[in-house]
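Let's take a guided walk through a protein model together. Have the sequence and the 3D view ready, and look up each residue as we come to it.

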Amino acid sequence: MIAVVLAAGLGTRMKSATPKVLHRVCGKPMLRWVVDAARGAGAKRVIVVVSTQGEAVRAAFPDCEIALQKRQRGTGDALRAAAPLLRGGQAPVLVLYGDTPLLRAETLRRLARARGRHPLAIVTFRPPVASGYGRVVREDGRVVRIVEEKDATSAERRIEEANAGMVVANAAFLARALGRLRPSKRTGELYLTDLVAMASHAGGAASVEVDDPLQVLGVNHRADLAVAAGAMRGRIVEAHMRAGVTFEAPARAAVGAAVRIGADTTIGAGVELRGATVVGAGCRIDAGCILTDARVDDGATILPYSVITESVVGAGARIGPFAHLRPGSEIGAGAHVGNFVETKKTRLGEGAKANHLAYLGDTEVGARANIGAGTITCNYDGFAKHRTVIEEGAFIGSNTELVAPVRVGAGAYVGAGSTITRDVPPGALALTRAPLRTIDGYAARLRKQRGG
């Protein structure tokens, strides 16, 4: 089977510089959902029909063949644009639309089976309100033609069964029929739906009806896009739940199409898992967390409202609440990154802790080291980034500044409130506090001067 996906529409109702079919649904361009459904149904080749403005589509889909529709003269003309790539082929041709991301591969497999020896088969559905859709006209139960609403009689407009637009056709029939399409007298366009009447006179047209109208939803504007994304999120979350993942508020979670989650993991309300994020087994991702292209190993806990991007969290580690792991962070097994701690290009060794109010940038923290509250690594001098190394078992007191490049040796102590500008030897104590000075009676004199 060969799939032809019509994606040459200008999508003006999206009001966007991005081609409509490249707008994303749960992390994937909606055209990619359609291409994947076609391949899942058995299509060996996928041809995408684009307009003269379709270079972005061409660049985004190097795995597909591209056909160019030079002028938008209807769906029939769009399919004609792909005809040179179909010439001489014997495989059935599946015709789809690039703006129907909810279409399932199983529906397309049913469609292919339903065609049997018929020249053509179509997908139909029964929308809650059929206004605006082409109606499926039957005689003695057989599909004989599609009538567009603007051309329909009052009786035909009362038909509840509508045309979804997807078609599978015999290659030889399609080659003949495309040459017989004639422009509409009112619009000058060539309509794919005219093939149905031709098929009904050449062996009959078969059909498959889908129960869920959302499956054939065509996205025309941002509101449609939101509906499609909501429905796809529901599908993705349900699949994870069936695989052993607990969602405490399924309707409030957003999980991307490429995300993987292990069994016995719990996902809290409002969590977003984006990109190629991988979460292991037995984890907990608490409310409001956002993970993008992250890896969370087995048994880790991400407490509420933490943000993790392009970083790794080791097995049994504990992150948050309100932690921010920026790209390049690697948190070792059993390590802790606590509330209002930010890391960037930083590695915490096994069991290391940074529990409160710290910034660690371009830093290597050894196993079991302790980073006190208010500690920062001063990694940028205005021109270049420099690295800080805190070796195994070191203790960094609260409110410490480590001015990179600098190294704190294994087992060393840095006293609270210090600014460290030189390396600290292993096992040593480093202090940079100013001597304490007290002035007796100062507070009383100050109040008197201020009229207090």
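Below is a short tour, from the whole chain to single residues.

## About the model

This is a predicted model, in which local features need pLDDT of at least 70 and side-chain atom pairs count only at pLDDT 80 or more, while totals for chains, interfaces and linings use all residues. Residues are numbered from 1 along each chain as its sequence is written, and side-chain values use heavy atoms, with hydrogens and water left out.

## The overall picture

How does the radius of gyration relate to that of a compact globule? For 452 residues, a compact globule would come out near 22 Å, but this protein has 31 Å. The radius is taken over C-alpha atoms, and the globule rule is 2.2 Å times the number of residues to the power 0.38. Along the principal axes, the C-alpha atoms fill a box of roughly 105 × 55 × 45 Å.

## Inside, outside and charge

Of the 452 residues, 48% count as buried. Here buried means under 20% relative accessible area, exposed means over 50%, and partly exposed is in between (1.4 Å probe, protein chains only). The protein exposes about 21,500 Å², and carbon and sulfur atoms supply 51% of that area. These areas come from the Shrake-Rupley method with a 1.4 Å probe; for residues, only the protein chains shown count as cover.

Contact means heavy atoms within 4.5 Å. Among contacts with a separation of 6 or more, residues 24 or more positions apart account for 40%.

Now for charge: there are 60 positive and 41 negative side chains, and the centres of the two sets lie 4 Å apart. Lys and Arg count as positive, Asp and Glu as negative, and His and the chain ends are not counted. Each charge is placed at NZ of Lys, CZ of Arg, CG of Asp or CD of Glu.

## Cysteines

A disulfide is a covalent bond between the sulfur atoms of two cysteines. How many disulfides does a search of the whole structure find? The search finds zero, taking a disulfide as a pair of cysteine sulfur atoms within 2.5 Å. For cysteine 289, the nearest cysteine sulfur is that of cysteine 283, 12 Å away.

Cysteine 289 is buried at 0% relative accessibility, whereas cysteine 378 is partly exposed at 24%.

Find the loop between β24 (318–319) and β25 (324–325), where phenylalanine 322 sits. Phenylalanine 322 is partly exposed, because its relative accessible area is 40%. Leaving aside neighbours within four places in sequence, its contacts are Pro304, Tyr305, Ser306, Asn339, Phe340 and Val341. Valine 307 is 15 residues away from phenylalanine 322 in sequence, with 7.5 Å between their C-alpha atoms.

Another cis peptide bond runs from alanine 404 to proline 405, with omega near 0°. Look for proline 405 in the loop between β37 (401–403) and β38 (406–408).

## Positive phi angles

Lysine 15 is not a glycine, yet its phi is positive, at about 50°. It lies in the loop between β1 (2–6) and β2 (24–25) and is exposed, with a relative accessible area of 74%.

Arginine 368 has a positive phi too, near 60°. Its loop is the one between β32 (363–365) and β33 (370–371), and at 51% relative accessible area arginine 368 counts as exposed.

Is leucine 102 buried or exposed? Leucine 102 is buried, because its relative accessible area is 1%. This residue lies in the loop between β6 (93–97) and α4 (105–115). Not counting residues up to four places away in sequence, leucine 102 touches Leu214, Gln215, Ala228, Ala231, Met232 and Arg235.

Threonine 438 is in the loop between β41 (429–430) and α9 (442–450), and it is exposed at 61% relative accessibility. Its C-alpha atom is 79 Å from that of arginine 39, which is 399 residues away along the chain.

Methods. Helix = DSSP H or I, 4+ residues; strand = E, 2+ residues; numbered from the N terminus.
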